[in-house]
Every structure is written in structure tokens, then in C-alpha cells.
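Trainee: I'd like to learn how to read a structure like this one. Can we take it feature by feature?

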Amino acid sequence: MSTEYAISLQLACGSNEAASALAFFQQVLARRPLFELEETFERHWPVAEAAFSALLDSYAPLFRTLEAVVPTPQHFTLHWQGYGQGELFLDEMIALTSAMGLQVLEGRAQGDEEVYVCELIDGQLDCGYYDLE
Amino acid sequence: MSAIAIDPINPSRESLWARLEEMNRFSWCRKHEYKQLRALFFDGEVAEYPKEFITDVELFWSPKQGTEHWQAVIEGRKAYIDYEGKRCVVESRAEDFIKKSVDFLLQCDHQYSGMSIEQQLALQDYLGLECRNLRHDRIYFETWLAQVELWLKGEAVGEVELPGMYDCVATHRVAFAYGLLNAAPLVMREGRFVALERDSPWGRGREKDMQFFLTSLSKILLKKYRPPKGLKCDLTPRIQFVERLRADLETGQAPLLFQQVWQLTKEKKKK
């Protein structure tokens with residue numbers, strides 16, 4: 001049985017790609033059809049097209065549960081809430097956003113017993129599980 | 001309601017596709033899936049071994065219609081590629097495909113995807129009503145009732161069927177619908193429908209719903225019929241259909257259960 005996850009991914013706003021990425025995730029949030037998302041993705045990030053296609057092959061329902069995009073001047077955070085394999089999805093999203101030229105600051109996938117956290121430490125992402133208190 | 005103008009007699013495929021797009025009916029589609037649905041809808045093109053999202057609508061969304069085409073589609077559905085990549089042909093797959101298609105045919109007015117009423121009725125004759133899912137007879141009858149009532153009101157069943165059309169497929173399935181109700185294991189006792197078979201799909205509380213739906217239609221038929229305003233088509237088919245149902249009820253042509261509800265509704269109206 002799959003577990004409900006609260007997943008968040010914080011991305012830096014510093015890169016040239018951040019504005020396009022923000023617009024792209026707003027499209028996801030607006031529940032635009034998957035084929036439209038694929039077309040937008042291909043236009044902006046042709047090198048990561050295969051990674052996006054693979055992500056949709058495995059995690060399209062969870063990807064479409066994106067429920068908030070929260071921008072601040074320094075970063076923006078994506079929030080998902082849905083059923084599936086949250087940690088694996090987060091790993092795929094980290095790989096995808098990195099391939100899009102974005103810098104990942106932090107990722108969290110919280111299930112019913114543990115939270116999987118990826119933090120940027122000394123320029124490297126360090127991922128691990130923590131028990132929920 | 002959609003802002004796209006749909007011709008109530010001969011809607012163009014472009015307008016129907018635009019309406020489906022506007023309704024976000026393709027939101028689940030990947031790029032290759034959307035392309036395949038478009039190719040089916042506008043050109044009748046289907047890959048040799050299509051996935052289920054295509055076969056589900058293959059007979060209904062294609063501009064290609066007619067017995068030769070249907071025969072070819074059914075033949076095609078017998079074949080599949082197994083896990084070793086070998087082509088297999090299984091006769092029963094065609095039977096399953098026909099059964100599923102008849103079930104869908106009877107649960108929706110397919111004018112929304114460009115299939116005319118004549119084409120729907122021809123497909124129905126070709127596939128055969130005997131191939132329907134007998135466990136769904138109550139659903140078919142309820143669909144018929146809903147299609148009739150909503151068409152008379154200028155509306156349509158669900159989100160996808162077209163409101164305000166000149167004609168409705170249900171007006172051509174009266175004999176079939178009457179047959180379903182005549183065969184239903186229901187009786188009227190002291191003013192209420194009672195199910196004769198406990199585990200029948202017509203029972204388990206559904207008999208009350210059925211009486212409610214028939215009463216609703218009877219109330220419409222009892223009043224002076226006022227066609228809905230704003231329809232962009234000739235209203236004669238609606239007026240004639242109301243007259244036909246009233247005549248069936250008054251002359252005993254309609255199913256007994258429908259006549260009994262009709263009488264009961266009339267008596268209540270007098271009080």
C-alpha cells in the first residue's frame with residue numbers, strides 16, 4: 001500500500017534558468033495537460049528531456065499533485081502532497097532540476113514514520129532518513 | 001458550459017475537438033498519447049497494436065464508420081504482441097472488445113465525438129444489443145431516462161455529452177428501453193416499486209431511484225411541454241417525442257411500471 005507524502009524541494013533563484021523553471025512549475029500547478037508540459041520542457045531544457053519523460057513514466061500522478069510554488073527573492077519551494085514512493089520521487093526531482101540547471105538547496109519527503117531529508121552541506125547534497133518524533 | 005459553438009445537427013470535428021480541449025479532457029495525456037488520439041479523431045488512424053486508451057474509443061472517435069471499417073477494427077483487436085514479442089491471435093479478445101464497445105455505446109450519446117445518431121444506431125445493429133452486459137440493463141435504462149429528460153430540458157448527461165442537440169440517440173431506442181423495463185424484476189405494490197429478486201441490479205434500494213426517475217419524467221410529460229429557450233435548432237423533434245411518450249402511456253404501449261407511475265403522478269397532481 002502506498003503512503004501519503006508531503007514533499008518539498010527548495011531551489012535557488014540565482015541561475016538564468018530559474019525564471020523559466022518558475023513559469024514551468026506554475027504551469028504544472030495550473031494542471032495544464034501533460035503533453036503541454038512536455039512541449040514546454042522540450043523548448044527550454046532539451047538536454048533533460050529524457051529525464052523528464054522517465055520521471056513522468058514512473059511518477060506522473062505524484063508529479064501532478066504539486067500544490068504550491070512559493071517564491072522568495074533567494075529561492076523558490078515546490079510542495080507536493082500525494083501518494084506514492086516519496087523518497088524515490090524526490091531523488092528523481094533532484095536529478096531532474098539539477099539537469100535543468102537549477103541549484104537544489106533542500107529536499108524533504110515526509111511519510112507516516114520517517115522523513116527523508118536532502119541538505120546542501122559544503123556544496124554537496126547529503127541525504128538521509130530521520131524518525132518522526 | 002463551453003463557449004465553443006457546436007452545430008446542433010452537424011457539428012464539425014474541429015469544433016468538437018476544441019470543446020474537448022477546452023474541457024481539459026486530455027490533461028492526462030502524454031505527448032505521444034495526445035498525438036494518437038488526434039490521429040484517431042481526425043484521420044481514423046490507429047497503430048497496429050494500440051493501447052487501451054485508444055481501443056476504448058476506437059469505434060466512436062474515428063471519422064471512419066461503416067461495416068467494413070468496424071469488421072476490420074474487430075479483426076485487429078484479436079491480435080496482440082506477447083511478452084516475447086510474438087504476434088498472437090485470440091478470438092475471445094474480439095468478443096470482449098465487442099462487449100465493451102456495446103456497453104459504452106449504450107451509456108453515452110456519442111455525438112460529442114462526431115458520431116451521428118444514424119452511425120450510432122448502425123453500429124448498434126452491427127454489434128448487436130445481445131452483446132451488451134446484462135448486469136448493466138438497469139444502467140442502460142437509467143441512461144436512457146436521463147438522456148430523454150435532459151434532452152427535453154436542453155441539457156445533457158454528464159460533462160461530455162452535447163447539450164442542446166437537435167436530436168438525441170435515446171429517442172431512437174424507445175423499444176429497447178421499454179423492453180428493459182418490461183423485463184425488470186420489479187412490481188408496483190401499494191404505490192411503491194418493490195424488487196422481486198433481492199440481489200438483482202434493479203433492487204438493493206435502486207428500485208426507489210427508478211420510481212423517482214420515472215416520476216420525474218412523468219411530471220414533465222403531464223405539464224404543457226415548453227421547449228427550453230435559446231436552443232439554436234428546430235424544436236419539432238422534442239415536441240413530437242413528448243407527444244409520442246404521452247400517447248404510449250395513454251394507450252398502454254409503454255411498460256406497465258411506467259404506466260403505473262404515470263397514473264400515480266396524475267392522481268397526485270389532481271389532489
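Here the two of them talk through chain B and one pair of its helices.

Mentor: Before we start, this is a predicted model: local features need pLDDT of at least 70, side-chain atom pairs count only at pLDDT 80 or more, and totals for chains, interfaces and linings use all residues. Residues are numbered from 1 along each chain as its sequence is written, while chains are lettered from A and ligands numbered from 1 in the order in which they are written.

Trainee: How many helices and strands does chain B have?

Mentor: Helices (H or I, at least four residues) and strands (E, at least two) are DSSP runs, numbered from the N terminus. Chain B comes to 12 helices and four strands.

Trainee: What box do the C-alpha atoms of chain B fill?

Mentor: Along the principal axes, roughly 70 × 45 × 30 Å.

Trainee: At what angle do α10(B) and α12(B) pack?

Mentor: Axes are lines fitted to C-alpha atoms, for helices over the stretch in contact, and angles run from 0 to 180 degrees between N-to-C directions. Here α10 (residues 206-222) and α12 (residues 256-270) of chain B pack at about 60 degrees, their axes 9 Å apart. Under 35 degrees counts as roughly parallel, over 145 as roughly antiparallel, 65 to 115 as roughly perpendicular and the rest as oblique, so α10(B) and α12(B) are oblique to each other.

Trainee: Which residues make the contact?

Mentor: Two residues are in contact if their C-beta atoms, placed from the backbone, lie within 7 Å. Among them are L214(B) and L222(B) of α10(B), with F258(B) and W262(B) of α12(B).

Trainee: And how many residues of chain B touch chain A?

Mentor: Eight, in contact with seven residues of chain A.
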